[in-house]
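Open the model in a viewer and keep the selection tool at hand. The stops below go from one chain contact to single residues.

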Amino acid sequence: MSLQLRSITKDFTAKGGLHRAVDALSLEIEAGTFCTLLGPSGCGKTTLLRIIAGFEEPTAGDVVHRGVSLAGVPPYRRGFPMVFQSYALFPHLSVLDNVSYGLRVRGVPAAERTARAEQALALLGLETLRDRHPAQLSGGQQQRVALARCLVLEPEIILLDEPLSNLDAGLRVGMRREIRSLQQRLGITAVYVTHDQEEALAVSDRIVVMNAGRIEQDGTPAEVYHAPRSAFVARFMGHVNVFPVKRSDAGAALLGQVYESRIPDAAWAVVRGDAVQRDPRGPHMGRVAETAFLGARLQHVLELEDGTRVTLDEPAHAAAPATAAGDVVRFSIDVARVHFMPGDP
Amino acid sequence: MKRLAQREPATFAVVLGLFALLLLFVALPLLRVLMASVVQDGGWTLETWRTMLTRHGALVPLWNSLRLAATVAVTGTVAGFAAAYTITMVAVPGRRAFRFVAMLPMLAPPFMIALAAIMLLGRNGVITRSVLEPLFGTGVEIYGFGGLVLVQTLTFFPLSMLLLLGTLAGMDPSLEEAAQAQGATPYRVFRDIVLPLAVPGLLSSMLLMFIESLADFGNPLILGGDFRVLSVAAFLRITGEFDTAGGAVLAILLLVPALTAFFVQRFYVQRTTFATVTGRPSALRRLHTGPGARTFAALSFVLLGSAVCLFYGAVLYGSFVQVWGVPGELTFGNYAGALRQAGGALTDSVVLAAIATPVTGIIGMGAAWVLTRRRFTGQGLLATLAMLTFAVPGTVVGIGYVLAFNSPPLQLTGTAAIIVLLFVFRSIPVSLEAGRNGIAQVDPAIEESSASLGATPLVTWRRVALPLAAPAVFAGLAHAFVRSITAVSAVIFVVSGQWNLVTVSILGFVENADLARAAALCVILVTIVSAVLAAMQFATSRMDARA
């Protein structure tokens with residue numbers, strides 16, 4: 001085991017009282033894992049990362065690295081380099097000096113320093129930029145330099161705080177692929193903070209979904225996406241049809257329709273958009289409230305009689321029945337493809 | 001210009017008016033100083049320069065001024081940086097209180113510290129009598145170079161602190177964190193990151209301190225002794241020897257290094273400022289808690305804070321003592337006496353500064369608006385003229401006003417108008433900067449939308465730009481008032497029996513060794529200034545709340 005967080009709590013004194021950013025959170029991150037802390041803003045993910053880095057002292061709990069507590073160890077003795085959201089490149093130093101800074105403060109001789117920094121620059125395709133200053137680089141290039149500056153130290157653990165959030169959408173996809181492949185090639189443990197679920201799914205070995213300072217779910221990307229353990233996780237992972245399961249004497253009902261024994265003992269149902277099917281003899285009926293054309297697919301939001309909104313997702317081809325706002329559509333739900341989960345309804 | 005005249009006649013008129021005013025009241029006096037040094041009896045001559053440089057040893061005060069200014073550039077910046085670093089970066093209690101104390105010297109007439117220095121360290125000074133003489137058998141020589149370095153450092157370091165507060169607060173805290181995550185100790189972070197990034201600010205500060213020290217008149221007049229600097233030498237040449245041409249030579253010797261420093265600051269240092277390359281500014285700065293940083297902070301707190309308190313406390317205490325250095329009961333007698341002798345001057349100061357302030361505000365605001373929101377030929381010249389009075393030492397301006405407005409058609413000497421004009425044009429840079437800051441807070445799109453709805457530029461300015469920029473402008477007005485009422489170096493040349501000023505009266509009391517009354521007048525002046533600033537603060541916070 002590489003890194004352990006033992007019931008970490010962090011309180012901040014804010015206006016009008018105490019704010020608990022992290023609440024008795026425990027986590028073990030195996031060596032070589034790409035572990036993503038995912039959650040909405042204010043969920044405590046960045047605070048947790050800063051506690052690992054040593055910029056914040058936890059109010060209670062302990063960060064343990066290779067069995068040794070890091071309590072009271074300042075950031076500069078931890079050896080966990082970090083990529084910042086703003087990149088935080090030193091504006092007065094050239095690219096080469098930025099990358100070799102960590103080696104310089106470690107007292108590595110100049111010749112070796114330069115050789116290693118150049119190696120790291122080559123790894124990220126930055127050789128030609130070595131004498132530039134950060135102000136002369138594009139956002140994507142700055143991001144690479146920030147990464148090179150961490151990798152040159154051959155760290156065991158690297159911390160990344162929303163590193164892609166300042167890049168354009170196109171660049172973001174390429175960069176996250178590159179981060180992932182470097183991490184795997186070099187066998188580094190990465191702790192990665194983001195609020196973008198798609199990004200988390202694409203890069204991670206493991207995703208820790210956080211909410212209000214606690215872990216909501218912890219698992220592989222596939223587990224977290226296909227088998228969310230709570231309505232919060234399901235919605236955060238991008239599922240739109242999350243409905244409560246209602247029980248009565250007649251049996252378990254989904255959207256007012258009793259599906260007899262086929263519904264397990266659960267409180268919530270996650271219905272993927274393509275499990276909602278247009279069906280002239282289907283048991284459900286809704287009025288089209290809005291329609292979005294997404295290129296390959298069409299997404300209709302149907303409003304049921306009780307006001308519940310259901311999203312119906314269908315391939316967009318020329319032969320699709322023309323649907324306008326206000327039309328009434330009948331549909332059925334493929335219960336075999338519905339994910340049920342426990343929890344308070 | 002032609003296009004502007006056709007498209008926006010009102011703006012064109014404003015630009016022309018500004019040029020006329022600045023040429024008449026900024027450029028012309030300077031020109032007259034230059035002329036006075038080379039024209040004699042209607043003909044060109046370098047005779048005055050020759051005699052001043054050889055017979056009257058004008059190079060001595062030049063060397064003294066430069067030596068003093070260079071030293072204060074360093075000491076003032078060191079003190080300013082220590083204060084600013086402590087306030088922005090270190091977790092120590094009392095940071096707000098310290099900031100307030102460190103700002104005190106800005107409320108006072110610039111020579112108040114010199115007065116305090118005499119009360120504390122002079123031959124009859126409290127510290128001299130009760131600490132130095134019993135312990136070491138002798139006092140320190142407060143008159144001369146060393147005393148002036150101490151006094152000017154304490155007087156001017158708040159300006160450096162303000163400038164460096166901006167530099168340090170603008171630094172992205174994640175840079176320091178990135179360095180720490182790279183393995184740099186707090187000391188290395190300071191050495192490798194904070195200090196190099198502060199270099200443009202430090203250079204700016206040194207140039208600013210250099211200019212302020214050169215231009216300082218009150219402190220060297222009181223404390224100079226045999227150590228004569230240019231501003232005092234020029235004043236004495238004119239008022240003592242009635243040698244205007246010689247005074248003009250000394251004034252030009254003073255002007256050259258001041259302007260050089262000003263232009264270096266404006267065109268070189270500002271360009272080397274490191275652009276922030278980050279996206280959005282990241283988290284709040286975590287203050288240093290390490291023992292090294294805290295020791296440094298505590299030291300700068302104690303040294304600077306206690307020095308400021310001690311010096312101002314001395315003046316306050318001294319204003320209640322019957323005879324300085326002689327134990328006795330506390331009394332209000334000094335206040336009564338001071339007001340009896342200088343009450344008229346005090347009223348004149350308040351009234352004339354109050355007249356000048358709104359005029360400054362209107363001109364400065366108009367200049368700020370055309371300079372930021374309009375493009376026209378001659379714009380650079382207008383901006384330079386407007387900022388020039390900041391760089392030109394008051395002594396030079398004062399001499400220029402005497403020379404320029406001494407004969408018809410603009411015979412103003414002896415009138416209140418010449419004092420008001422001096423107040424106005426000495427404060428234009430303050431008001432202009434405030435106006436620029438205020439306008440920077442107004443999105444140009446708001447003004448454009450006003451224009452697209454049919455408002456003329458004048459209406460846009462009055463209905464949209466002015467109200468939105470008002471808080472910043474009012475803050476600028478308060479500073480313009482303070483600058484006027486505490487000014488001495490330029491106005492000392494134009495006061496008259498009919499119109500006198502309180503700062504000049506205080507200098508008079510000091511010259512007559514009437515320290516107690518000088519102290520009383522200083523306290524009254526600081527009280528007035530504080531009240532005005534507090535009222536302005538209150539007004540602007542109300543405006544901010546409404547916005």
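**Where the chains meet**

Start by selecting the contact between the two chains of this predicted model: 23 residues of chain B and 26 residues of chain A take part. On the chain B side, select α9 (173-181) and α10 (186-215), each of which supplies at least two residues to the side that touches chain A. The most comes from α9(B), with six residues. Colour this side of chain B by class and you will find ten nonpolar, eight polar and five charged residues.

**Two crossing helices in chain B**

Next, select helix α16 (residues 379-391) and helix α18 (residues 416-440) of chain B, whose axes come within 7 Å and cross at roughly 115 degrees. The angle is why α16(B) counts as roughly perpendicular to α18(B). The crossing of α16(B) past α18(B) is left-handed. To see the contact, show B:A386, B:M387, B:T389 and B:F390 on α16(B), together with B:F425, B:R426, B:I428, B:P429 and B:L432 on α18(B). Seven residues of this contact are nonpolar, one is polar and one is charged.

**Two loop residues in chain A**

Move to A:Y87, in the loop between β6 (82-83) and α2 (95-105) of chain A. Its phi is near 70 degrees, a positive value in a residue other than glycine. Is A:Y87 buried or exposed? A:Y87 is buried, since 28 other C-beta atoms lie within 10 Å.

Finish at A:E162, in the loop between β7 (157-161) and α5 (169-186) of chain A. Phi of A:E162 is positive too, near 45 degrees. A:E162 is buried, with 21 other C-beta atoms within 10 Å.

Terms used:
Residues are numbered from 1 along each chain as its sequence is written. Chains are lettered from A and ligands numbered from 1 in the order in which they are written. This is a predicted model: local features need pLDDT of at least 70, side-chain atom pairs count only at pLDDT 80 or more; totals for chains, interfaces and linings use all residues. Axes are lines fitted to C-alpha atoms, for helices over the stretch in contact, and angles run from 0 to 180 degrees between N-to-C directions. Helices (H or I, at least four residues) and strands (E, at least two) are DSSP runs, numbered from the N terminus. Angles under 35 degrees count as roughly parallel, over 145 as roughly antiparallel, 65 to 115 as roughly perpendicular and the rest as oblique. A crossing is left-handed if the near helix is turned anticlockwise from the far one by less than a right angle, and right-handed if clockwise. Two residues are in contact if their C-beta atoms, placed from the backbone, lie within 7 Å. Ala, Val, Leu, Ile, Met, Phe, Trp, Tyr, Cys and Pro count as nonpolar, Asp, Glu, Lys and Arg as charged, and the others, Gly among them, as polar. A residue is buried if 20 or more other C-beta atoms lie within 10 Å of its own, exposed if 12 or fewer, and partly exposed in between; C-beta atoms are placed from the backbone.
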